[in-house]
Amino acid sequence: MRSAKIVGVGSYAPPRVLTNQDLARMVDTSDKWIMERTGIRERHIADDKTAASDIGLEAARRALKDARVKPEELDLIIVATITADMSFPSTACLIQDRLGAKKAAAFDLEAACSGFIYALSVARGLIASGEYDTILVVASEVLSKITDWEDRATCVLFGDGAGAVVLKPAKKGQGILSTYLRADGGNWNLLWLPAGGSRIPTTRDSVDKRLHYMKMEGNRVFKIAVQSMTAAAIEGLKKAEVRVEDISLLITHQANLRIINAVAKRLSLPPEKVFINLDRYGNTSAASIPLALDEAAKRGRIKRGDLVILVAFGGGFTWASAVIRWERISLKSYLARFGHRLSSLATRRKRKY
Ligand code: ACO
């Protein structure tokens with residue numbers, strides 16, 4: 001069976017930034033508490049008119065440009081989100097239309113903060129089976145619309161953002177080496193949004209009781225998140241037949257700096273092998289991993305041939321990992337490798353004329 005590789009990555013966050021100082025003026029909290037307990041300094045917040053498809057579309061365009069793939073070449077679009085524009089049609093269909101991806105099938109996938117890795121795994125399987133050749137995976141979240149801005153225990157945590165990757169076939173042993181997905185619905189009510197579905201439809205009462213906002217038992221989620229993410233990383237490495245020492249970069253779901261550090265410590269990964277950007281984005285659920293992956297790639301933190309491990313945990317509960325051999329060459333590492341040749345060529349040319 002063939003494998004699948006990432007041939008392009010892109011991300012986007014709405015321009016408006018909400019700092020911890022801004023939050024301290026809205027609820028009883030402080031920059032000190034938020035920094036010490038979470039590591040978050042600021043987050044991006046969409047305006048009233050912006051929905052998941054708007055920011056997902058921008059991330060998708062950037063990933064397609066990076067991959068040099070035209071929308072018409074796409075066979076499938078999968079969007080991971082818990083903040084879809086509407087119950088139906090899917091956000092993937094809305095993005096498919098606005099991209100002009102005429103021959104692409106499209107569907108949404110919901111696995112909360114693990115959604116990106118779940119979608120990556122589905123896309124990888126469809127490419128490996130030969131069903132499709134070119135797949136766009138988007139993770140887009142506008143969590144600010146389901147955040148209770150009067151609840152200090154949750155409103156300081158979340159932000160809005162989107163990330164996307166384009167996948168194409170690769171030879172066996174290249175690209176995505178393993179994906180590992182798990183779920184435990186037994187803890188569904190530790191992190192959830194009660195109303196708006198078929199269990200508690202939208203009524204005046206559900207709105208008055210603030211049931212359309214995320215609820216979380218942070219403390220209990222924290223402990224399970226650390227255990228599950230560590231287990232997902234270990235199982236993913238086993239499946240990929242890779243040692244933890246060979247990993248160049250760990251990119252986890254960006255929920256809490258203390259969770260990320262605890263997972264890295266349990267895996268014996270030093271801080272320089274851990275990518276963190278939650279200080280500037282907060283928890284963007286499914287979007288957090290592709291947002292971080294894009295930044296890591298663009299900043300030259302991942303070089304061609306590097307092994308990267310993605311690890312997530314989220315509502316459901318769901319948890320997942322993916323081990324990837326990075327096949328893309330970043331502009332930064334390209335310049336580092338070949339820049340001297342380009343500059344000596346330029347000098348020679350100058351001398352000539
Ligand atoms: N500012 C000031 N004080 C606060 C705030 C705040 N924003 N929020 C809570 N507190 C108070 C609490 O009331 C409590 O006070 P008390 O001791 O007087 O009762 C105290 O701070 C400690 O509260 P805890 O909830 O125990 O704080 P904790 O250290 O657990 O941190 C946090 C809370 C940041 C939410 C943490 O538990 C966490 O990150 N949990 C995991 C989140 C996560 O990973 N989610 C999964 C993915 S998200 C998804 O799927 C959408």
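Q: What share of the 353 residues of the protein chain counts as buried?
A: Buried means under 20% relative accessible area, exposed over 50%, partly exposed in between (1.4 Å probe, protein chains only). In this protein chain, 52% of the 353 residues fall in the buried class. The model is predicted: local features need pLDDT of at least 70, side-chain atom pairs count only at pLDDT 80 or more, and totals for chains, interfaces and linings use all residues. Residues are numbered from 1 along each chain as its sequence is written, and side-chain values use heavy atoms, with hydrogens and water left out.

Q: How does the radius of gyration of the protein chain compare with that of a compact globule?
A: The radius is taken over C-alpha atoms, and the globule rule is 2.2 Å times the number of residues to the power 0.38. For 353 residues the rule gives a value near 20 Å; the chain has 20 Å, so the two agree. Along the principal axes, the C-alpha trace spans about 75 × 45 × 45 Å.

Q: What is the accessible surface of the protein chain?
A: Areas come from the Shrake-Rupley method with a 1.4 Å probe; for residues, only the protein chains shown count as cover. The total is about 16,600 Å², and carbon and sulfur atoms hold 51% of that.

Q: Which share of the contacts joins residues at least 24 apart?
A: Contact means heavy atoms within 4.5 Å. Take the contacts between residues at least 6 apart in sequence: 78% of them join residues at least 24 apart.

Q: How many helices and strands does the protein chain have?
A: Helices (H or I, at least four residues) and strands (E, at least two) are DSSP runs, numbered from the N terminus. The count here is 12 helices and 13 strands.

Q: Which way do the residues of strand 6 point?
A: In a regular strand, side chains alternate between the two faces of the sheet. On one side of strand 6 are Ile135, Val137, Ala139 and Glu141; on the other are Leu136, Val138, Ser140 and Val142. Both sets are buried. Strand 6 covers residues 135-142, and eight of its eight residues are buried, so the rest of the structure largely encloses it.

Q: Is the pairing of strand 6 with strand 7 parallel or antiparallel?
A: Two strands pair if DSSP finds at least two bridges between them. Strand 7 (residues 160-170) pairs with strand 6 in the antiparallel sense, over eight bridges. Within that pair, Gly161 of strand 7 stands opposite Glu141. Strand 4 (residues 76-80) runs parallel to strand 6, with five bridges. There, Ile77 faces Leu136 of strand 6.

Q: Where does Thr81 lie?
A: Thr81 sits in the loop between strand 4 and helix 4 (91-99). At 7% relative accessibility, Thr81 is buried. Its contacts beyond four places in sequence include Ser140 and Glu141, as well as Asp108 and Glu110. The C-alpha atoms of Thr81 and Ala287 are 206 residues apart along the chain, yet separated by 8.0 Å.

Q: How many residues of helix 11 are buried?
A: Helix 11 is mostly covered, with 10 of its 11 residues buried. Among them are Ile289, Leu291, Leu293 and Glu295. Gly300 follows this helix, with a positive phi near 75°.

Q: Which loop holds Asn283, and which holds Arg301?
A: Asn283 is in the loop between helix 10 (278-281) and helix 11. It is buried, at 7% relative accessibility. Beyond four places in sequence, Asn283 is in contact with residues including Cys113, Phe158 and His253. Arg301 lies in the loop between helix 11 (288-298) and strand 12 (307-314). Its relative accessible area is 32%, so Arg301 is partly exposed. Glu272 and Asp306 are among the residues that Arg301 touches.

Q: Which peptide bond has omega near 0°?
A: Most residues other than glycine have a negative phi, and most peptide bonds are trans. The bond from Phe88 to Pro89 is cis, with omega near 0°. Pro89 belongs to the loop between strand 4 and helix 4. Gly316 and Phe317 are also joined by a cis bond, with omega about -10°.

Q: What is the phi of Glu241?
A: Glu241 is not a glycine, yet its phi is positive, about 55°. It is exposed, at 74% relative accessibility. Ser268 has a positive phi of about 60°, and with 61% relative accessible area Ser268 is exposed.
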